[in-house]
Amino acid sequence: MNDQPVNLVIIEDEKPIRHFLASALASEDWTVHEAETGKQGLITVATRKPDMVILDLGLPDTSGIEVIKQLREWTDIPILVLSARTQEHQKVEALDAGADDYLTKPFGVAECLARIRVLLRRRQRGSAAAEQTFRLGDIRVDLVNRLVYKAEEEVHLTPIEYRLLGTLIRNAGKVITHRELLLAVWGPSYSEHNQYLRVYMGHLRQKLEDNPATPRYIVTETGVGYRLLEG
Amino acid sequence: MTDNRPDPDALLEELKQDEIDARRGRLKIFFGACAGVGKTYAMLSAARLKQQEGVKVLVGVVETHGRKETEAQLDGLELLPRKQVAYKGHSLAEFDIDQALARAPELILIDEFAHSNVPGSRHVKRWQDVEELLAAGIDVYTTLNVQHLESLNDVVGQITGIVVRETLPDHVFDQADEVSLVDLPPDELLSRLAAGKVYIAHQAERAVKNFFRKGNLLALRELALRRTADRVDAQMRAYRADQSIRPVWHARERLLICVGDGPGTEKLIRAGKRLANSLDADWIAVFVETPALQKLSEAQRARIMKGLKLAQELGAETTVLGGTHLAATLLAYARTRNVSKLVVGRSTRGRLSRIWRRSLLEDIARHSGDVDVYVVSHEENQHDSGAPDTFNSLLFGEAAHQRKHGYIAAALSCLLATGVSSLLDPYFSLVNVVMIYLLAVVLVAVRFGRGPGVLASFLSVAVFDYFFVPPRMSLSVSDTQYLLTFGIMLAVALIISQLTARLRFEASIATYRERRTRALYDLGRELAGALTAAQIIETTISRLEPLFNARLAVFTPDSKDSLQLSSELVAGSDTGVAQWVYDNQQPAGLGTQTLPSNVLLYLPLKAPMRTRGVLAVLPEKMDKVFLPEQQRLLETCAAQIALALERVHYVEVAQDALVAMESERLRNSVLSVVSHDLRTPLTTLVGLSSLLAEGNVSSEQRQDIANSIQDESLRMNNLVTNLLDMARLQSGVKLQKEWQMLDEAVGSAVRAANRSLSGHALSIRLPPDLPVLEYDAVLIERVLVNLLENAAKYTPAGSHIALEAKRDGGKVVVCVSDDGPGLPDMQGQKLFDKFTRGNSESSTPGVGLGLAICRSIIEAHGGVISADNRLPHGAVFSFTLPAGASPALPQEEEFDA
């Protein structure tokens with residue numbers, strides 16, 4: 001972590017949730033600013049210039065998606081979205097609109113803090129020079145030479161599989177939607193060909209996971225996309 | 001002693017009648033021999049007494065005719081203002097029935113019971129207004145003169161020479177609750193008249209003076225007294241029957257009156273009524289619809305209808321019978337109805353019809369057996385325009401133009417026969433030449449019917465005589481032998497033409513009947529197939545409009561019993577009239593006694609349980625609807641429609657009841673869930689958090705408490721999620737299907753159920769060759785999570801849980817099995833019903849929604865879910881997903897740069 005104090009804005013209309021989040025974050029010595037409505041939130045973000053925004057999708061005045069779009073017009077600070085389980089399409093919409101990750105209610109403090117840390121770290125890392133190797137469990141990826149090793153044994157990946165893995169690594173720890181992956185790997189003309197993604201993801205898991213049915217590294221965020229777990 | 005026992009059916013009928021009577025108002029008639037005896041006065045005095053007793057009395061209509069004493073009696077009684085009805089430029093004051101009903105008095109006074117209302121009023125007759133008042137529970141006092149009684153109408157006419165047009169059906173009189181005779185000896189009446197106490201309008205003075213002769217008054221008084229005595233006698237007998245005084249059950253006499261088309265029909269019916277009265281017998285008036293009906297003139301048809309209507313008004317049961325042979329049909333019906341006496345008319349009309357009549361009488365007499373036959377003679381002076389018309393139509397059944405063609409053809413064929421005969425004459429004898437003519441006659445009769453046939457017969461004889469019988473070219477006959485030839489030739493020709501014409505005629509009648517039967521059959525079949533009221537109405541209109549050559553509208557009641565038009569609007573249809581018909585269950589409008597000025601006929605659609613609506617008919621041609629046989633057809637159709645509507649109604653009721661039962665069960669289940677299954681974790685949460693708030697707990701305890709709080713909360717979250725999912729699935733969720741590997745759903749499901757599965761050993765076996773499946777990832781994950789959590793919940797810690805999948809033909813089977821205690825003894829699929837739990841009193845938390853959700857999801861995917869026990873112990877839940885044809889998959893681009 002860096003010495004500068006971390007600054008956060010919570011936009012959430014439910015007082016108990018805001019309260020519980022604020023006290024959880026305050027215990028990490030982070031500064032928390034609260035906003036009750038979308039409008040208030042936009043103003044707070046503009047004035048406080050936070051390192052990150054936690055945004056509830058169900059706001060009384062404007063829709064959370066609208067808030068994301070307005071924020072993205074002028075800032076690229078990480079946005080963590082809070083939503084209910086039955087709103088998969090909303091999550092995807094929010095992510096495609098520019099949110100960075102999401103948390104499903106109800107959630108625990110540990111889960112929430114982990115997500116925030118991932119997003120904060122990515123922001124800092126983004127400014128640092130690209131790393132040369134990526135390690136995850138018994139997997140090592142030589143990003144310079146495009147070589148992948150599992151348990152120190154080279155794994156042969158096809159170019160597409162490698163591009164897929166590369167995209168996941170660049171977004172490690174954060175959810176990435178089907179659409180984003182398709183765009184990054186196959187290009188814009190394939191953005192609707194979900195089955196391509198599924199098949200190659202299956203191949204990738206077969207090659208990297210010990211047990212592809214219960215993956216440890218590349219997990220499925222059902223109805224949303226995939227997440228490469230860190231650590 | 002069964003002999004003394006009253007007839008149970010009669011008792012039941014009486015009980016029913018008593019019930020109806022209790023609701024109905026009571027009718028009291030002040031009955032007198034003629035005007036001026038003091039009926040109105042008596043009625044008003046009786047009403048004043050009632051008012052003193054505190055009864056709310058309203059004077060509906062009272063005609064005082066300027067009599068002072070009577071007017072004085074009106075004093076202090078509330079008067080209902082008359083309604084002004086415009087008729088032919090005049091404004092006439094008429095009884096206002098709507099106001100009377102609205103004021104709802106306990107007793108209403110209505111003078112002159114037999115009065116005919118101004119055309120345009122709701123009912124034709126005042127007694128119908130009274131019926132409606134009685135039905136509304138209002139008591140009615142009214143007045144009536146003996147000459148207005150329908151059955152005595154002609155007798156009074158004969159005595160006094162004045163025929164009264166305003167008549168009252170006898171059954172109305174007979175059904176009155178009380179009849180009070182107002183009697184005044186003729187001498188006294190005459191002296192009152194002389195003293196000017198009975199006011200007589202100036203113009204009518206002479207006619208009235210003729211009427212008020214002592215002889216007339218005596219006769220009228222006798223009639224009135226006797227009619228009242230008859231009623232008292234009937235009451236006495238009814239009383240005795242009520243009190244079981246009469247030990248023997250008398251077989252009731254039943255009279256059958258054969259209504260004909262002759263002008264004496266009315267007289268026949270009145271005579272029948274009197275006979276029935278004197279015998280205290282039920283009576284039935286029938287019209288037999290024979291093929292001959294087709295040939296009747298308009299006037300005759302009208303007479304038949306009028307006759308039947310009159311009979312109905314006089315209290316007869318009326319029926320139209322169908323049959324080819326009048327006497328046989330009549331007697332067969334008489335036997336089925338236990339008729340003891342048959343009444344037929346004897347006409348003194350034209351010769352042709354007399355021949356026919358006589359044979360009918362003889363026919364009946366020959367076959368009547370134990371049925372007595374009464375013959376009522378018709379008066380000759382009652383001849384009217386119907387007779388020549390009858391003759392024409394008897395003789396010439398065809399349409400006019402075709403008739404003309406027939407006669408021309410008859411003449412031509414005789415000419416032709418003559419031509420052929422003249423060719424043959426040199427070679428054949430005259431006996432054979434005759435055959436040519438006979439052939440011509442037969443052909444004409446077959447083609448053109450009776451009339452041309454007869455003409456051809458006569459022409460043939462004449463021509464044959466003229467051209468071939470010596471001396472030729474003369475009508476005189478030299479050899480008398482030929483007279484026999486002529487005679488036989490004419491007879492044979494006539495008989496043949498008669499027979500062939502009849503054959504032809506009967507064939508056409510058969511076709512006509514067949515068409516009607518087919519129409520009914522088609523209607524019945526289509527109605528039986530109809531599933532909704534709208535379909536029934538559509539069928540009704542499309543089938544019946546061409547059949548009756550009329551425009552039809554159907555009204556059906558809404559939930560508040562107010563009628564709505566359910567079909568296309570027909571010009572002139574009136575919802576108000578339809579509503580009246582529906583409420584009173586009686587036809588109204590065109591051709592009926594109620595609102596006859598309306599252009600439509602309104603028929604109630606009466607079903608066994610209740611009236612289901614109203615059928616409105618706008619006829620384009622009157623006789624298409626108002627012929628007796630068409631009326632019968634229309635009534636049959638209406639009954640069929642009503643039955644179909646009732647059937648559909650009860651199907652709906654049954655479905656509603658099922659739905660209501662199901663939603664009631666669901667509601668109860670939801671309530672019990674909310675009250676019990678939500679409150680339990682809440683109680684735990686409140687308790688635990690208050691424990692934490694106390695502060696004096698060790699850090700280990702705190703950890704424990706926090707864990708418990710989290711467990712309980714997650715359990716509650718599960719429950720709420722399940723309830724929400726169920727609601728969402730029930731309201732019809734749209735599947736977000738995508739082609740994907742099953743591994744994905746399995747992986748995320750195992751991760752989601754991880755917490756529940758922590759105490760169990762899970763093994764997953766997914767063969768690598770599983771096809772790509774098309775499914776909604778979120779929902780299938782939900783199924784897997786529910787099955788896995790169930791397995792964990794209902795098995796002891798440490799049990800093995802296995803998740804397997806395999807391809808099976810066109811589908812993929814996924815099983816979640818355990819080695820726990822297995823399922824309780826329960827029907828496989830019942831387990832998947834909402835709010836059903838294996839053991840309802842189980843302490844294991846849950847509401848029985850998980851499996852119901854699974855089933856909904858799997859069925860939405862076109863799969864099947866089932867549960868079973870496995871050996872030696874344990875349960876297995878398996879579901880299938882259709883494999884389908886997977887989409888084109890990308891080729892591995894091995895050497896892509």
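**Two crossing helices.** I started with helix α6 (residues 159-170) of chain A and helix α8 (residues 194-208) of chain A, which pack at an angle of about 85° with their axes 10 Å apart. Axes here are lines fitted to C-alpha atoms, for helices over the stretch in contact, and angles run from 0 to 180 degrees between N-to-C directions. I therefore noted α6(A) and α8(A) as roughly perpendicular to each other; that label covers 65 to 115 degrees, with under 35 roughly parallel, over 145 roughly antiparallel and the rest oblique. From α6(A), the contact uses I160(A), E161(A), L164(A) and L165(A), and from α8(A) it uses Y200(A), M201(A), H203(A) and L204(A). Two residues are in contact if their C-beta atoms, placed from the backbone, lie within 7 Å. By class I found six nonpolar, one polar and one charged residues in the contact of α6(A) with α8(A). Nonpolar takes in Ala, Val, Leu, Ile, Met, Phe, Trp, Tyr, Cys and Pro, charged takes in Asp, Glu, Lys and Arg, and the others, Gly among them, count as polar.

**Ground rules.** I kept in mind that this is a predicted model, where local features need pLDDT of at least 70 and side-chain atom pairs count only at pLDDT 80 or more, while totals for chains, interfaces and linings use all residues. Residues are numbered from 1 along each chain as its sequence is written, and chains are lettered from A and ligands numbered from 1 in the order in which they are written.

**Chain by chain.** For chain A I noted eight helices and 12 strands, and for chain B 28 helices and 25 strands. Helices (H or I, at least four residues) and strands (E, at least two) are DSSP runs, numbered from the N terminus. Of the 231 residues in chain A, 34% are buried; for the 897 residues in chain B the buried part is 34%. Buried means 20 or more other C-beta atoms within 10 Å of a residue's own, exposed means 12 or fewer, and partly exposed is in between, with C-beta atoms placed from the backbone. In chain B, among contacts between residues at least 6 apart in sequence, 70% join residues at least 24 apart.

**The cores.** Which residues touch the most other members of the largest nonpolar core? I found V53(A), L55(A) and V81(A), in a core of 51 residues. Its largest share, six residues, comes from α8(A). A nonpolar core is a set of buried Ala, Val, Leu, Ile, Met, Phe, Trp, Tyr and Cys residues joined through C-beta atoms within 7 Å. Leaving aside neighbours within four places in sequence, V53(A) is in contact with V9(A), I11(A), V45(A), L71(A), I77(A) and I79(A). A second, separate core has 48 residues, including W127(B) and L134(B).

**Where the chains meet.** I counted 29 residues of chain B in contact with 21 residues of chain A. On the chain B side, α25 (699-730), β19 (737-740), α26 (742-752) and α27 (777-793) each supply at least two residues. The largest share of that side, seven residues, comes from α26(B). Its residues divide into 13 nonpolar, six polar and 10 charged.

**Two buried spots in chain B.** T318(B) sits in strand β11 (residues 317-322) of chain B. T318(B) is buried because 20 other C-beta atoms lie within 10 Å. Beyond neighbours within four places in sequence, T318(B) is in contact with A285(B), L308(B), A311(B) and Q312(B). Next I looked at Q147(B), in the loop between β7 (139-145) and α6 (153-160) of chain B. Q147(B) has 26 C-beta neighbours inside 10 Å, so it counts as buried. Q147(B) and E166(B) are 19 residues apart in sequence, with their C-alpha atoms 9.1 Å apart.

I found a cis peptide bond from K105(A) to P106(A), with omega near -10°. P106(A) lies in the loop between β5 (101-104) and α5 (109-127) of chain A. A104(B), a residue other than glycine, has a positive phi near 45°. A104(B) is partly exposed, with 13 other C-beta atoms within 10 Å. Q585(B) is not a glycine and has a positive phi of about 55°. With 12 C-beta neighbours inside 10 Å, Q585(B) counts as exposed.
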